[in-house]
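I want to look up how the parts of this structure touch one another. My notes follow, in the order I checked things.

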Amino acid sequence: MSIMKRIVAPATLAALIGSTSIVSAATEINWWHAMGGTNGERVNKIADDFNKSQSEYKVVPTFKGNYTETMTSAIAAFRAKKQPHIVQVFEVGTATMMAAKGAVYPVEQVMIDAGEKFDKNDFLPAVISYYQTSEGELLSMPFNSSTPVLWYNKDAFKKAGISKVPATWGEMKSASDKLLGAGYKCGFSFGWQSWVMAENFSAWHNIPMGTKENGFAGIDTKFSFNNDAVKKHWNNLAKWTKDGTFAYGGRRGDSLPMFINQECGMWMNSSAYYGSIKKQAKFEFGQSMLPFYKDVIDSPQNSIIGGATLWVLKGQKSDDYKGVAKFMTHLSSPEVQAWWHQGTGYVPITKAAYALSKTQGFYDTNPGTDTAIKQLSLNIPTPSSRGIRFGNFVQIRDIINEEMEAIWSGEKSADEGLETAVKRGDALLRKFEKANK
Amino acid sequence: MLKRVHFGPSALPYLLVLPQILVTVIFFIWPASQALYQSLLVEDAFGLSSKFVWFENFEYLFEDPYYWGSFQRTFVFSFLVASLSMGSALLLAVMADRVVKGSGLYRTFLIWPYAVAPAAAGALWFFMFNPTLGILPYVLQFIGYDWNHKVNGTEAMALVIFAASWKQIAYNFLFFLAGLQSIPKSLIEAAAIDGAGPGRRFWTIVFPLLSPTTFFLLVINVVYAFFETFGIVDAITSGGPANSTQILVYKVYNDGFVGLDLGGSAAQSVILMGIVIGLTVIQFRFVEKKVSYND
């Protein structure tokens with residue numbers, strides 16, 4: 001029976017927590033987020049500053065666990081009619097949120113209805129294109145966006161005699177060989193592997209990951225990432241696990257210690273690890289653009305974002321949404337965004353925040369910190385590099401992770417793992433299509 | 001002849017059992033029926049559109065080789081957890097039973113792990129065996145073994161089995177020790193006088209007399225391995241790598257709460273419910289008969 005409790009308890013809990021808001025003079029705006037640790041303190045500061053700036057509304061941020069947990073509790077709360085005003089949802093949940101038309105209040109509409117000044121052109125195209133409908137309406141407010149970059153250990157490079165930061169996969173291999181020769185345990189590792197080695201790899205080489213413009217043009221999309229380029233790349237990675245060029249260290253950011261402890265000289269993962277690496281690394285480090293294959297594309301296209309956006313949920317008093325709109329304006333102001341960007345490594349979401357960081361001289365004193373933003377805006381995004389929008393993608397990403405792990409352990413060949421990932425992914429896409437007709 | 005006593009109809013007994021019935025209905029029957037109903041629906045995460053599809057969720061599950069894989073893993077996992085934790089607990093209990101001086105201290109220490117929450121136990125093992133930071137992979141390196149349960153599925157499975165067994169040893173120990181102490185000393189002494197050694201005495205006298213305890217623990221341990229190990233799996237491996245530690249209860253969570261496939265997840269929990277009912281019936285109907293109850 002305990003399994004029943006597992007299913008019902010979170011919903012009940014969410015309902016309880018949602019109902020405890022205290023009635024006070026200022027209208028409360030509930031904001032559920034997934035930012036723990038230092039970033040959580042930063043979130044609180046953003047809310048505090050907003051609350052001090054006016055007396056009509058009070059934003060109450062609540063930490064709800066990791067991305068998945070936050071999204072799940074918001075959904076459970078919505079089903080119990082106790083939803084927060086604002087919820088932070090990670091980018092893979094986008095299709096699920098988009099499909100929930102009765103639950104989501106598009107942020108652009110929120111701003112218009114509240115009469116709040118709002119210009120989409122202020123935002124960086126690579127950031128907002130992920131969250132726009134095919135008609136261009138912005139559905140959620142970008143908050144913390146990042147993109148994978150190549151982190152490298154400058155001291156290790158010096159020791160191994162690597163003079164140039166690798167820009168292609170060929171150079172990655174030779175740099176890794178040098179690192180191994182200098183006594184390092186592995187050349188490189190990476191985290192969030194589906195995001196970095198499938199989703200971003202495809203965008204970076206301007207190859208679609210699925211049909212229908214990566215799902216932007218309809219939910220009857222099918223995966224196509226079992227193409228020759230990805231196949232070749234995964235085969236290389238599989239081969240490189242054998243000689244130590246690449247060592248796998250787990251999902252998400254689990255492999256960070258391998259980079260911090262100087263086992264691997266290079267690490268590919270989100271630019272938002274800047275804060276953690278800066279705090280922990282006892283060596284000089286740098287960041288650079290992701291490597292690419294010269295025989296696939298002459299020069300890289302652009303990378304896609306990860307991270308999360310703030311979704312506004314329906315079902316609250318209409319006056320509350322005025323406060324939500326005001327808060328969104330505060331959140332996306334150049335000062336707040338520049339401060340957030342410089343502390344966390346997330347990219348600034350507006351052009352003004354980027355310009356402000358430049359005039360403040362942040363990139364001069366911290367060279368390389370603009371890698372992410374440069375990478376995102378390298379070229380005008382194409383239908384293949386705008387982002388991805390697949391239903392059930394949380395589960396599908398897990399499937400891709402599983403198949404990749406089976407390849408790294410040698411249980412499956414790269415071709416086999418790739419084909420299985422596509423086949424299993426397609427089955428879930430069909431399931432999503434059916435549930436959202 | 002005994003006089004037959006008749007009681008008039010009274011509301012009192014019903015009133016007395018009412019709280020228990022209410023608890024059962026609210027916390028067990030109602031959620032279970034909800035899960036049953038949910039398992040017949042295909043629904044979007046927010047519950048905005050839902051469609052009644054009869055047994056489609058089940059069909060989908062039975063056609064899914066990964067579901068059967070999870071099934072198989074769960075059985076291997078449960079079998080190994082139950083035998084490992086019961087075996088070591090029995091050994092420890094027999095040892096502790098013989099200790100004369102300071103036995104209280106030993107027993108207290110042996111019972112301690114039971115107080116550790118599954119997630120905390122998981123975190124403990126996670127750090128001990130972390131391929132980069134952990135102390136044990138570091139030691140293993142010296143004998144030339146490269147431990148990495150983040151890539152190697154067998155190692156990951158072994159790790160969750162160890163962690164889950166370790167946590168259950170204390171509980172089993174407690175019951176085995178109590179069982180051992182209830183065995184009349186005279187039987188053992190008589191056997192000793194007849195010239196039976198400690199091993200012989202254990203297998204022919206102690207072990208058969210312990211069988212009610214063993215049987216009870218077997219049920220408890222299988223149920224534990226099936227359902228209570230979620231926290232350990234979640235903290236150590238999150239079901240990975242490549243699904244190798246995704247036992248059924250973890251898959252229910254993963255599909256339902258991470259994947260937001262409520263119908264599919266509910267269908268799985270209904271199947272799990274069926275398994276528990278089946279296990280309980282089989283064990284009490286058939287296995288119990290063969291257990292000697294010290295008559």
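I started with how far apart the two domains of chain A sit: the centres of domain 1 of chain A and domain 2 of chain A, taken over C-alpha atoms, are separated by 28 Å. I keep in mind that this is a predicted model.

Then I looked up the bounds. The domain assignment of chain A puts 2-146 + 305-376 in domain 1 and 149-303 + 391-435 in domain 2.

Next I checked who takes part in the contact. Domain 1 of chain A brings 24 residues to it, and domain 2 of chain A brings 23 residues.

Which elements each supply at least two residues of the side of domain 1 of chain A that touches domain 2 of chain A? I found α4 (94-99), β5 (141-146), β10 (306-313), α15 (334-344) and α18 (371-376) of chain A. The largest share of that side is four residues, and α18(A) provides it.

I also sorted the residues on that side of domain 1 of chain A by class: 16 are polar, eight are nonpolar and none is charged.

After that I moved on to the two chains. Their contact takes 38 residues from chain A and 33 residues from chain B.

Last, I did the class count for the side of chain B that touches chain A: I got 20 nonpolar, nine polar and four charged residues.

How values were computed:
Residues are numbered from 1 along each chain as its sequence is written. Chains are lettered from A and ligands numbered from 1 in the order in which they are written. This is a predicted model: local features need pLDDT of at least 70, side-chain atom pairs count only at pLDDT 80 or more; totals for chains, interfaces and linings use all residues. Domain bounds come from an automatic or database domain assignment. Two residues are in contact if their C-beta atoms, placed from the backbone, lie within 7 Å. Ala, Val, Leu, Ile, Met, Phe, Trp, Tyr, Cys and Pro count as nonpolar, Asp, Glu, Lys and Arg as charged, and the others, Gly among them, as polar.
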